[in-house]
Every structure is written in structure tokens, then in C-alpha cells.
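Let's walk through this model together, from the overall fold down to a single side chain. Have your viewer open as you read.

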Amino acid sequence: MSARTTHLVAAWCLDFPTEALLSRLPELQAGTATVSRRQREAMAPLLEHLATTPLEALQLTYVDVFDMSKKFALYLSYWTDGDTRRRGEILAGFKARYRASGWLVDTHGELPDYLPMVLEYAAVADPVDGPALLQEYRPSLELLKFALQAAGTPYAGLIEAVCDTLPGASPADAAAVHRMAANGPPREQVGLDAYDPRLLPLSGGAQ
């Protein structure tokens with residue numbers, strides 16, 4: 001249950017902040033009591049930030065981090081396939097997996113590989129295929145985590161907690177993520193090439 005709770009908390013908190021999120025914060029914070037100590041401690045800074053910051057400021061920060069730069073893309077297949085024709089097949093695959101589980105998802109205009117959506121799928125719809133899908137895109141998650149850590153944003157802790165729910169240890173750095181991807185199933189590494197570890201942000205927010 002703890003992994004599903006971590007996935008659900010991350011799904012809510014990685015989406016654009018709204019009054020609905022703020023009203024649900026006490027429930028989300030209480031839910032973290034059921035997760036591992038490491039995951040709880042990783043998520044705590046962001047939950048505290050959400051609880052103590054005015055909504056307008058939260059929304060401005062979110063836009064600055066996630067909407068103003070692709071360095072922090074929340075679309076899993078962007079990191080692996082970039083804006084290539086192959087990506088259309090990948091996105092269709094996400095939709096097919098949702099349909100196969102019987103999950104009726106309203107994408108609200110988002111692409112089906114949008115991380116909060118995938119996390120909700122793992123937490124609510126299919127606790128077997130959902131984590132398997134996250135594990136398939138482990139390199140995307142790890143690169144996103146390192147980018148957010150380098151930017152000094154508490155959102156990094158959410159990704160760290162999600163990675164901790166998956167099998168195997170996290171890579172030590174972005175270069176190790178590239179080696180992880182290279183050892184996985186053959187695929188076009190367009191997005192991964194674009195996110196050479198030397199190009200990850202070193203300080204500040206998204207640019």
C-alpha cells in the first residue's frame with residue numbers, strides 16, 4: 001500500500017496547484033504516515049512548501065519550473081524519444097495500456113505520458129502495470145530528479161520518493177542514468193542524447 005500512497009501523493013502534488021490540492025493537503029500529509037521513512041522524508045519539504053505558501057505564489061513557481069523550460073519536462077517519453085515521429089507510437093502505447101486496464105481517464109488535454117497521470121494510473125487503476133510502466137521509464141524519472149535537484153526545488157523530493165518505490169537502486173548521477181538506458185531495451189535515444197548530463201541546470205530555476 002505504501003508505494004500506491006507515494007504514487008498518489010506525487011500525482012496530486014506534481015500537477016498544477018489549485019484550491020483542490022490545498023484542501024486535500026491534510027489528507028495527503030496524513031497518508032505519508034503509511035509510507036517508508038525515506039519516502040516520507042523526501043516528500044516532506046514539498047508538502048511543507050505547499051502548506052505554507054499562498055496559492056498564487058505556488059502557481060507562479062510551478063509555471064516557472066515546469067512550463068517555462070523543457071529541462072524539467074513532466075512527459076516521460078520526451079526524455080527518451082524527444083519530439084520524434086516515434087513518440088506518436090509511444091503515446092498510443094500509453095493510451096492502450098490505460099484502456100486495457102479498464103481505466104477511464106480524462107486527460108484534460110494532457111498527453112498520456114504526463115507524469116501525474118501515470119502516477120495516478122499506478123496508484124488507482126493498475127498497481128501492477130502502473131509501477132511496471134514507471135520502471136520502464138526509470139531513466140526519465142532519474143534524469144528529471146537530477147535536474148530538479150540541481151535547480152534546488154523541493155519538487156525533486158517527490159521524484160526521489162517515486163524512484164524509491166521502484167526495484168533497484170537509483171543511479172548515482174546523470175551519466176549513470178545514460179548507462180542504465182543503454183543497457184535496457186534497444187530504442188532511439190533522442191531525448192536522452194538531448195539531456196546530456198553536462199547540460200543539466202547547475203543552479204536556479206528553469207530557464
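**A walk through the helices**

Of the 207 residues in the protein chain, 46% count as buried, where buried means under 20% relative accessible area, exposed over 50% and partly exposed in between (1.4 Å probe, protein chains only). Keep in mind that this is a predicted model: local features need pLDDT of at least 70, side-chain atom pairs count only at pLDDT 80 or more, and totals for chains, interfaces and linings use all residues. Residues are numbered from 1 along each chain as its sequence is written, and side-chain values use heavy atoms, with hydrogens and water left out.

The protein chain has 12 helices and zero strands; these are DSSP runs numbered from the N terminus (helices: H or I, at least four residues; strands: E, at least two). As for contacts (heavy atoms within 4.5 Å), residues 24 or more positions apart make up 70% of those with a separation of 6 or more.

How far can you trust it? The mean pLDDT (the predictor's confidence in each residue, from 0 to 100) is 83 for the protein chain, and 80% of its residues reach 70 or more. Over residues 183–207, pLDDT stays under 50. Where pLDDT is low, the predicted coordinates should not be read in detail.

Now head inside. The largest nonpolar core has 52 residues, and L14 and L115 have the most contacts within it. Such a core is a set of buried Ala, Val, Leu, Ile, Met, Phe, Trp, Tyr and Cys residues joined through side-chain atoms within 4.5 Å. Leaving aside neighbours within four places in sequence, L115 is in contact with L14, L74, L76, L134, L141, L144 and I159.

Which residues does E160 touch, not counting those up to four places away in sequence? They are A42, K145 and Q149. E160 sits in helix α10, and it counts as partly exposed because its relative accessibility is 36%. Its C-alpha atom is 9.5 Å from that of L144, 16 residues away along the chain.
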